[in-house]
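Subject: Structure handover

Hello,

Here is the structure for you to take over. My notes follow below it.

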Amino acid sequence: MLVVMRPHASDAEIARVIEMIQSKGLTPHPLPGATRTAIGMTGNTIAVGKDAFEVLPGVEEAIRVTKPYKLASREMKKDDTLVHTAMGDIGLKNFTMIAGPCSVEDEATTMKTAEFLLSRGIRFMRAGAFKPRTSPYSFQGLGLEGLKLLAKARETTGIGIVTELMDVEHAAAVEEASDIIQIGTRNMQNFSLLKRVGLCRKPVLLKRGMCATLEEWLMAAEYIMAGGNYDVILCERGVRTFSDHSRNTLDLSVIPPAKVLTHLPIFVDPSHGTGKRQYVAPMALASMAAGADGLMIEAHPDPDHALSDSSQTVDFHTLDEMLGQLKQLAVIMNKQM
Ligand code: PEP
Ligand code: MN
């Protein structure tokens, strides 16, 4: 349920609504807006009547949210969410690039990549220290050592860090080292992990599960938001289909319906989506055309020798060309890059 306050409702009136929500064993979520405040509530609201709220002073109306996800829904919050970071805002008119190697490999590669990205105006570097590999014999990532390399790159260059959290045990360390915490496709329904990042105070990039429906994905976002972390960025990265011409089927058709159902920004990862470096640029452009708010691209100074996901990783020259094309398209799409 959503309690919409009158435009000039006082702080005391808002506090009264919050108390009433709490007295019913529910959790209040104040959502300040441009002209008025609304207060969402989560928990088991079925037995709670609208009247109890509508009689309170300062309340305009109480609205039942019909979707199973509440905080993530447009019913609860009409305006697009702008995610704030020290490296700039994500969403609305902004088109944000995140690029970098699949894995953190060593100091030289990490620094070289950070410097290249910043020289091209890209303010976020991706690189996994904890890697969810299909085979236990593949490179598993540098773990905590990798986080140290990322922290050093951030400290010396000022680049924003996006890195994956795989388990609850490393939540504090990953939160500390990152500007955006990545939750991978294999963990989209790891509910204890989602609850844990709900307590973090860094934005979360939530990749779509490789077999997840849009509703399941939004329910996963809801887990994070229900914990009080409202800064969720969705990321489409391809789903499983019968097609074998690409690693996954990049489902760009999910973007327009996602924009209808949720106010959260949505990114696309065409690297994991295609699995082949020559297909990354066309799908990156298509992502922007379909309404994405940003991209996550695997890029490496020497992709042929990357320690993971080499075949889908582009070199800096290709990334540069892609950027040039994206900037042209951004003019048509009315996006800022
Ligand atoms: C990654 O970004 O390196 C990654 C493992 O992605 P996904 O979870 O989408 O497979
Ligand atoms: Mn990868």
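How far does a polar side-chain atom of Gln182 lie from an oxygen atom of ligand 1? The distance is 2.9 Å. Keep in mind that this is a predicted model.

**Ligand 1**

Thr185 uses its backbone instead, with an N or O atom 2.8 Å from an oxygen atom of the ligand. On its own, ligand 1 has 300 Å² of accessible area, and the protein covers 97% of it.

**The manganese site**

Ligand 2 is a manganese ion. Its donors are Cys102 (SG), His272 (NE2), Glu298 (OE) and Asp309 (OD), at 2.1 to 2.4 Å. The spacing in sequence is C-x169-H-x25-E-x10-D. The pair Cys102 and Glu298 links distant parts of the chain, 196 residues apart. Cys102 sits in the loop between strand S5 (96–100) and helix H3 (107–119), while Glu298 belongs to strand S12. Both of these residues are buried.

Two more residues are worth a look here.

Ser271 is in helix H9. It is buried, with a relative accessible area of 0%. Leaving aside neighbours within four places in sequence, Ser271 contacts Val280, Met296, Ile297, Glu298 and Gln312. One of these, Glu298, is a manganese donor.

Glu105 is in the loop between S5 and H3. Its relative accessible area is 12%, so Glu105 counts as buried, the cut-off being under 20%. Residues up to four places away in sequence aside, Glu105 touches Leu142, His300, His305, Ala306, Leu307 and Ser308. The Glu105 side chain reaches the backbone nitrogen of Leu307 at 2.7 Å.

**Helix H10**

Which residues of H10 (residues 280–290) are buried? They are Val280, Ala281, Ala284, Leu285, Ser287 and Met288. Seen down the axis of H10, these buried residues fall within an arc of 155°, so they line one face of the helix. After H10 comes Gly291, with a positive phi near 110°.

Most residues other than glycine have a negative phi. Two exceptions deserve a check. Leu92 has a positive phi, near 55°. It is placed in the loop between strand S4 (59–63) and S5. Leu92 is partly exposed, with a relative accessible area of 40%. Asn334 has a positive phi too, near 60°. Its place is in the segment after H11.

Is Asp179 buried or exposed? It is buried, with a relative accessible area of 10%. Asp179 is in the loop between helix H5 (171–177) and strand S8 (180–183). Its side chain makes a polar contact with the side chain of Arg154, at 3.1 Å. Not counting residues up to four places away in sequence, Asp179 touches Met87, Phe124, Arg154, Ile159, Gly160, Ile161, Lys202 and Pro203.

Ser192 lies in helix H6 (residues 191–198). Ser192 is partly exposed, at a relative accessible area of 47%. Along the chain, Ser192 and Ile224 are 32 residues apart, and their C-alpha atoms are separated by 10.0 Å.

Best wishes

Note on methods
Residues numbered from 1 in each chain as written. Chains lettered and ligands numbered in written order. Predicted model: local features only at pLDDT ≥ 70, side-chain atom pairs only at ≥ 80, totals over all residues. Heavy atoms only, no water. Buried < 20%, exposed > 50% of the residue type's maximum accessible area, 1.4 Å probe, protein only. Helix = DSSP H or I, 4+ residues; strand = E, 2+ residues; numbered from the N terminus. Arc of directions from axis to C-beta. Donors = N, O, S within 2.8 Å, 3.2 Å for Na, K, Ca; no water. Polar contact = N/O pair within 3.5 Å; in protein donor to acceptor, adjacent residues only side chain to side chain. Contact = heavy atoms within 4.5 Å. Areas by Shrake-Rupley, 256 points an atom, 1.4 Å probe, with all protein chains shown as cover.
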